[in-house]
Amino acid sequence: MTQTASAPETPKTSAFGPAVLDAEETMSRDEIEALQLTRLKETVKYAYERVPHYTRKFDEAGVRPEDLKELDDLAKFPYTTKEDLREEYPFGMFAVPMNEVTRIHASSGTTGRPTVVGYTKQDLDTWATIVARCFRAAGVRPGMKVHNAYGYGLFTGGLGAHSGIEKLGATVIPMSGGQTEKQIQLIEDFAPDAICCTPTYLLTIGDAMMHKGIDPRKTSLKYAVLGAEPWTNEMRAELEEMFDLKASDIYGLSEVMGPGVAGESFETQDGSHIWEDHFRPEIVDPFDLAKTKSDGETGELVFTSLTKQALPIIRYRTKDLSTLLPGTARPGHRRMGRISGRTDDMIILRGVNLFPSQIEEIALRIPELSPHFQLILTRPEGRRMDDLTIKIEPREGTTPEQRQAAGSTLRQQIKIHIGSSCTIDVVEPGSLERSNGKLRRIYDLRDQKA
Ligand code: DLL
């Protein structure tokens with residue numbers, strides 16, 4: 001039976017501790033904004049005085065910390081980008097001496113130098129606090145066992161989730177990513193109540209279980225805390241059905257903190273609440289940075305940290321496209337709409353913008369198709385226009401006729417809903433590479449001869 005949203009305390013979970021919220025989680029919108037203003041003033045001053053990069057950038061833009069008198073004044077301050085962090089590689093953006101830095105993480109990035117981030121002891125405590133909020137919102141309670149399959153190491157996922165789970169008072173099983181066989185064995189033997197990993201990796205685990213004759217619905221897992229890559233409500237339905245659990249979103253990025261910048265309530269499942277006592281979000285127009293957008297409008301998410309010591313971050317451009325929505329389960333904290341994609345993952349096909357998540361949404365509504373797909377971009381020689389081929393696996397047990405028909409339906413639906421034409425290649429089940437963490441969906445072969 002699929003668990004319902006109105007069952008936060010099933011008999012199975014009644015042995016666990018209560019969900020006691022932090023005082024900041026229950027603040028009203030006015031209280032949050034007052035706190036944000038105080039903290040924002042402190043942060044811009046702190047960054048300006050301690051980080052030469054910010055001193056220079058603010059001076060060049062002709063703004064001084066005193067110019068921040070109300071929250072909207074933040075728009076006068078310059079943005080910070082991944083390139084800024086790369087230029088200051090490795091520790092140039094740190095605001096404290098190295099002997100006050102307790103931990104370092106880095107994001108690999110596909111090109112160039114990694115971006116390095118640092119945390120003081122207090123930063124680590126703040127981080128654990130917000131991650132604990134996310135896990136609690138996702139249904140995890142003190143005393144539950146949580147299988148942590150986010151990668152440990154320089155990536156913020158594994159250790160970030162780890163500290164938050166401990167802070168909540170739950171038991172962490174620090175499995176890390178990969179070694180799918182071992183993941184399955186530990187899930188069977190340790191009987192965890194919850195799992196955290198990327199959505200596509202949970203799919204990999206579920207698939208591998210089924211191939212071994214294990215029914216994922218019969219495992220002990222009741223909650224999943226999924227993030228680190230874009231995913232859709234269709235993928236949520238797929239995973240909840242596959243495992244008979246409640247799947248909630250967790251969002252974050254290394255430069256701003258790591259996982260836990262925002263987290264979703266399993267009871268409302270309506271987008272992640274941004275912990276606005278620690279971060280001030282904005283939505284800006286990625287093509288016209290002078291324009292900030294209103295709540296409800298889509299654009300690029302920008303974050304300013306409000307309490308960070310080692311790496312204060314001012315107006316960091318995430319490249320993630322989303323919207324700001326009013327708070328629900330935590331009314332004082334705004335929610336972010338599901339991330340439709342990253343500006344750098346946007347495919348422009350004959351003038352039409354397209355994201356992998358749109359394909360996921362459409363494909364998963366076709367019963368014969370699976371969530372396993374890749375987007376392949378090519379530019380045939382001598383042509384100026386790009387071609388898109390979608391390789392997608394059908395569900396197992398489908399007939400050749402069903403596969404062919406499903407491929408045509410997908411092509412038509414993409415044409416109707418997105419407006420672009422593409423080629424669909426329905427491949428053999430099991431033939432596409434499986435996720436081990438963050439899944440690569442786009443293969444850009446435009447520099448290679450087609
Ligand atoms: O992925 C932090 C994280 C770890 C978040 C574990 C959640 C769970 P980075 O490696 O710096 O940090 O990648 C950050 O991943 O800008 C988004 O594009 C994407 N991302 C993260 N969470 C989500 C999510 C971690 N819930 C980048 N939905 C971000 C969509 C997400 N995209």
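Biologist: Which residues in α1 meet which residues in α2, and how do you know that they count as being in contact?

Modeller: In this predicted model, V44, A47, Y48 and R50 in α1 meet P52, Y54, T55, F58 and D59 in α2. They count as a contact because heavy atoms of the two sides lie within 4.5 Å. Sorted by class, the contact of α1 with α2 holds 6 nonpolar, 1 polar and 2 charged residues.

Biologist: Why is α1 called roughly perpendicular to α2?

Modeller: Helix α1, residues 29–50, and helix α2, residues 52–61, pack at an angle of about 105°, and their axes are 5 Å apart. That angle falls in the range of 65 to 115 degrees, and therefore α1 is roughly perpendicular to α2.

Biologist: What makes α4 roughly perpendicular to α5?

Modeller: For helix α4, residues 121–137, the packing angle with α5 is about 75°, with the axes 7 Å apart. This value too lies between 65 and 115 degrees, so α4 is described as roughly perpendicular to α5. The contact of α4 with α5 has 8 nonpolar, 5 polar and 3 charged residues. Among them are W127, V131 and F135 in α4, while the α5 side includes G160, I165 and L168.

Biologist: Which residues around the ligand come nearest, and which element gives the most to the shell?

Modeller: Of the 19 residues around the ligand, D249, I250, S254, D320 and K438 come nearest. Strand β7 gives the most to the shell, with 5 residues. By class, the shell around the ligand divides into 9 nonpolar, 5 polar and 5 charged residues.

Biologist: How do you know that the peptide bond that joins Y89 and P90 is cis?

Modeller: Omega of the bond between Y89 and P90 is about -5°, and the bond is cis. P90 itself lies in the loop between α3, residues 82–87, and β1, residues 103–107.

Biologist: What is the phi of A228, and where is the place of A228?

Modeller: Phi of A228 is near 80°, which is a positive value in a residue other than glycine. A228 is placed in the loop between β6, residues 223–227, and α8, residues 233–243.

Conventions
Residues numbered from 1 in each chain as written. Predicted model: local features only at pLDDT ≥ 70, side-chain atom pairs only at ≥ 80, totals over all residues. Heavy atoms only, no water. Near = heavy atom within 4 Å. Helix = DSSP H or I, 4+ residues; strand = E, 2+ residues; numbered from the N terminus. Nonpolar A, V, L, I, M, F, W, Y, C, P; charged D, E, K, R; others polar. Axes fitted to C-alpha atoms, helices over the stretch in contact; angles between N-to-C directions. Parallel < 35°, antiparallel > 145°, perpendicular 65-115°, else oblique.
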